[in-house]
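Subject: Structure handover

Hello,

Here is the structure for you to look over. My notes follow below it.

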Amino acid sequence: MTTFAGNPDDILAQLARLRAADAPTHGGGVLSYVYDSGLAAVDELAAAAMLAVQPLNGLDPTTFTSVAAMEQEVIAFMRTLLGGDTEAGDAGDAAGGDETGAEVVGTVTSGGTESCLLSVKTARENFRGPGTPRLLAPASVHAAFHKAAHYFGLTLELVPVDADGRANAAAMSKAMGPDVALVVVSAPSYPHAVLDPVAEIAAAAQSRGIDCHVDSCIGGLVLPFWPGLPAWDLRVPGVTSISADLHKYGYAPKGVSVLLTRGRDRQRSQYFATTAWPGYPVVNPTLLGSKSAAPLAAAWAIIKLLGTAGFAGLAESCRRSTAALLETVAGIGGLCVVGNPTGPLFAVAIDDAVPAGSRIDPHHWADRLKDYGFTAQLQPAFTQPDGSVLPRTTHLTITPVTESRLAELQHAMGQAGDDVRGVPGIDPRQVLGAIDGPMAALLVGEAQLPKDSATARQVLGAMGLGGTGDGGGLPAAMAPVLALVEALPRDVTEWLLTELLAGLVEP
């Protein structure tokens, strides 16, 4: 007879206490990370579908054939939604295409990062140019492509974007050479929600025989229903792959995404296969081997439940709320929207056109907005490779549930603006000036102290960011933290943030 160490009810009660400290995943209070359809039936069906496949191992769809059947149907749905059933010229012949160049095939992955990694891995495997392959992307490209270049040994070249956050097609085209393995564009970009000029950049890539990936991880299940957009998906000649996350505007639990690729032969380079060991043949289309089938089952079930019309209706709710909130920002003196956002997300910055005493720092605004029950995402100022600076911003992602709290959110946005109008943004130099001794020299790159865990913890403590190991460590106001990110050399910031995050989960 098995003896249990704990009581199931007590364990679940403990889990409930832990969950009580989390940011809310439903209700529209968190304006990033979570995507709430506002429909209880969607969540209930997803949970039931996940439970039904809980024991399955997605590693082998020949043993668990339901995995293959669900993945096939999800890919078919996404292929139609993203224009993969439409002929797009000879796009498949750029590099590694099959005989017809028209077939679009795909893979369900564990999330947008894996989809992006696999798109880069595929391009690297198909690369036939000279030297170390380059990954060419606008500076606004998602950080997943930084990770992909690092993991797979490509040189990442970031091309500065225009002041509105949009990729510059002429600059991107000029940077394309025989050593470029992949060009990436965003539909839309995450930081500023800007739709890159996909057709122009893809055409330039195609003319040079270079693959072109569209990162539509955040937009892939909502932009097909957004009115008035130019072609941005697989309908565009020259687009050879596209990624879209089902755990964003597909409303599935984390983590499930789709990577679609034009041309079977091109896509087969995504796979890893080996029989060079005495065990079973290993053939993986993804980075993971053994994997849960639960997110796939949830996404498959939600697609069956909602269908194209259901997703269209939810996208329309997002569009109405986004339009209303953009109008709200326009009415808040001292704030402005960055660029021309596309889809249900946008970023706000200081309006430099008004007198200094009337300006609103977006980071102070976001910190104050939290006091009214809404959590937005702070983004630091960013210096591009050419020295131009994209301003600090606050990012908001809008979901269908936002419409049920629209008036409350609009009031909170206006009130938060009134509360911090005229309060100067935190000067990063002032933050550094408050830290004395060798720590300050280290932070600005003028000291040779060891960049080890012990030193990092000392620095974090000096900056008021201690508390590692207890699940804490972050202050209530995030504006000072983002000011430090802006001020410090990037290698120092990355070192310190690594230690901060690692400490949160150390026993």
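Which residues form a nonpolar patch on the surface, and how much accessible area do they have together? The residues are Leu 12, Leu 15 and Leu 18, with about 310 Å² together. A patch here takes residues with over 30% relative accessible area and no salt bridge, joining like charges within 9 Å and nonpolar side chains (Val, Leu, Ile, Met, Phe, Trp, Tyr) within 5 Å. Areas come from the Shrake-Rupley method with a 1.4 Å probe, and for residues only the protein chains shown count as cover.

Before the rest, some ground rules. This is a predicted model, in which local features need pLDDT of at least 70, side-chain atom pairs count only at pLDDT 80 or more, and totals for chains, interfaces and linings use all residues. Residues are numbered from 1 along each chain as its sequence is written, and side-chain values use heavy atoms, with hydrogens and water left out.

Leu 12 lies in helix α1 (residues 8–19). Helices (H or I, at least four residues) and strands (E, at least two) are DSSP runs, numbered from the N terminus. Leu 12 has a relative accessible area of 55%, so it is exposed. The cut-offs are under 20% for buried and over 50% for exposed, with partly exposed in between (1.4 Å probe, protein chains only).

Strands

Start with strand β4 (residues 180–186). Seven of its seven residues are buried, so β4 is largely enclosed by the rest of the structure. Strand β2 (residues 134–138) pairs with β4 in the parallel sense, over three bridges. Pairing requires at least two DSSP bridges between two strands. Leu 136 stands opposite Val 183 in β4. Strand β5 (residues 211–215) also runs parallel to β4, joined by five bridges. Here Val 183 stands opposite Cys 212.

β4, helix α7 (residues 198–207) and β5 make a right-handed β-α-β unit. Right-handed means that, with the strands pointing away from the viewer, the path from the first strand over the helix to the second runs clockwise.

Next comes strand β6 (residues 241–245). Five of its five residues are buried. In a regular strand, side chains alternate between the two faces of the sheet. Both faces of β6 are covered: Ser 241, Ser 243 and Asp 245 are buried on one side, Ile 242 and Ala 244 on the other. β5 and β6 run parallel, joined by three bridges. His 213 has Ser 241 as its bridge partner in β6. β6 and strand β7 (residues 257–262) run antiparallel, with five bridges. Ser 241 has Thr 261 as its partner in β7.

Salt bridges

The count is 22. The rule is a side-chain nitrogen of Lys or Arg within 4 Å of a carboxyl oxygen of Asp or Glu.

- Asp 85 and Arg 79: the closest N and O atoms are 3.1 Å apart. Asp 85 is partly exposed at 45% relative accessibility. Arg 79 is also partly exposed, at 29%.
- Arg 266 and Asp 211: the closest N and O atoms are 3.0 Å apart. This pair links distant parts of the chain, with Arg 266 in helix α8 (residues 264–268) and Asp 211 in strand β5, 55 residues apart. Both residues are buried.
- Arg 320 and Glu 403: the closest N and O atoms are 2.7 Å apart. Arg 320 lies in helix α9 (residues 294–330) and Glu 403 in the loop between β15 (393–397) and α11 (406–420), so the pair ties together parts 83 residues apart in sequence. Shared partners join Glu 316, Arg 319, Arg 320 and Glu 403 into one network of salt bridges.

Cysteines

The structure holds zero disulfides (cysteine sulfur atoms within 2.5 Å). Cys 212 is buried, at 0% relative accessible area. Cys 336 is partly exposed, at 25%.

Backbone points to check

The loop between β4 and α7 holds Pro 188. A cis peptide bond joins Ala 187 to Pro 188, with omega about -10°. Ala 193 lies in the loop between β4 and α7 too. Ala 193 has a positive phi of about 60°, although it is not a glycine. It is buried, at 1%.

The loop between β6 and β7 holds Gly 255. Lys 254 and Gly 255 are joined by a cis peptide bond, with omega about -5°. Tyr 251 is placed in the loop between β6 and β7. Its phi is positive, about 65°, although it is not a glycine. Tyr 251 counts as buried at 5% relative accessibility.

Best wishes
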